[in-house]
Amino acid sequence: MTTSTTHLQTHAIELGYQSRKGKNILFSNLNLSIDGGQLICFMGPNGIGKSSLIRTLAGLQKPLAGTVAFPSKPPSTEIEKWIALVLTDRINAANITVLDLVSYGRYPYLNWNIKLTEADNKIINDAVAATRIEHLVDTSIDELSDGQMQLALIARALAQDTHVILLDEPTAHLDLNNRVEIMRLLKTIARNMNKAILIATHELDLALQTADLLWLATQHKTIESGVPEDLVLNGSLDELFKLKGFDLKTGKVTHEPHRNISINLSGEGYEFLWTKNALERVGYSISDDAQIKVEIIREEKNLQWQISNSHITNVDSIEQLLDSLLEMK
């Protein structure tokens, strides 16, 4: 897999906490890298240390051993100009607009008079445009939905104009539409702006479809890195999550064919996939050798399902199809 410039790298990091009883090790001997243009999803069970690693990479928590390095970072550049951090904590502040919040991303670059330049304002406006929140700039942040707040925080990170963006659970508490929007936006930012983006997330389904790499936090205090498809096929994701009733290789919930009836289904496209889903969901199995045949017929805008058994029946919806199959008992 071809990658761009490495913007962040860890060398033999040991991560955890020191207490009177000794060290509580979360991860040991981590050698990881994040490259420009990459979207990496960092996954693992609750409490395993994902947030601690994010804080360590951001410079907020010191590792017990090892170092975090920035191979392409000029020696004189402050970390705030290299890494932006987006957390899920709600910001409680009165009389702050979305534009104010996004503008705070420029503070690492301001001098003692704290005055935004024309160049600063252009970067802020570009960040607002990239996250498509122009209609919210004058809105008070306490009036934002959770999804709108996450977009505003991502815009603030973009205004900070860093090479690396770290996000801790950016889609937590969001509905499906907003979760998809956030993940697609971050994928676009990584690709089009050559940002190195790392997300700690539980969104396995979205991570499998959007991430360039997955980092899997294992029970052995290590992190396994790989492209999503490899980690599905080699069983790493199954071993980590021990998913019950979900087949990662097909991306579907597994169903018990409790009716002991097989259907010979023919058709194509989305209609075939969703018809198959419905039949398996209600307990049928799909087999080319089955006596009951269901053919999906599309003629221009008209869609029908033809059932062939002892006689032929045509129906106009999947609901009618399921009802007709039940009547064949």
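Which residue in β10 does Leu 214 stand opposite?

What we have here is a predicted model, where local features need pLDDT of at least 70, side-chain atom pairs count only at pLDDT 80 or more, and totals for chains, interfaces and linings use all residues. Residues are numbered from 1 along each chain as its sequence is written, and side-chain values use heavy atoms, with hydrogens and water left out.

The protein holds ten helices and 17 strands; these are DSSP runs, H or I of at least four residues for helices and E of at least two for strands, numbered from the N terminus. Of its 329 residues, 43% are buried, meaning under 20% relative accessible area with a 1.4 Å probe, protein chains only.

Five of the five residues in β9, residues 213-217, are buried, so the rest of the structure largely encloses it. In a regular strand, side chains alternate between the two faces of the sheet. In β9 both faces are covered: Leu 213, Trp 215 and Ala 217 are buried on one side, and Leu 214 and Leu 216 on the other.

Who are the neighbours? Strand β4, residues 39-43, pairs with β9 in the parallel sense over four bridges; pairing here takes at least two DSSP bridges between two strands. Within that pair, Cys 41 has Leu 214 as its bridge partner.

Strand β10, residues 223-226, runs antiparallel to β9, again with four bridges. And here is the answer I promised: Leu 214 stands opposite Gly 226. The β9–β10 hairpin has five residues between its strands, and there Lys 221 takes a positive phi near 65 degrees.

Conventions: Buried < 20%, exposed > 50% of the residue type's maximum accessible area, 1.4 Å probe, protein only.
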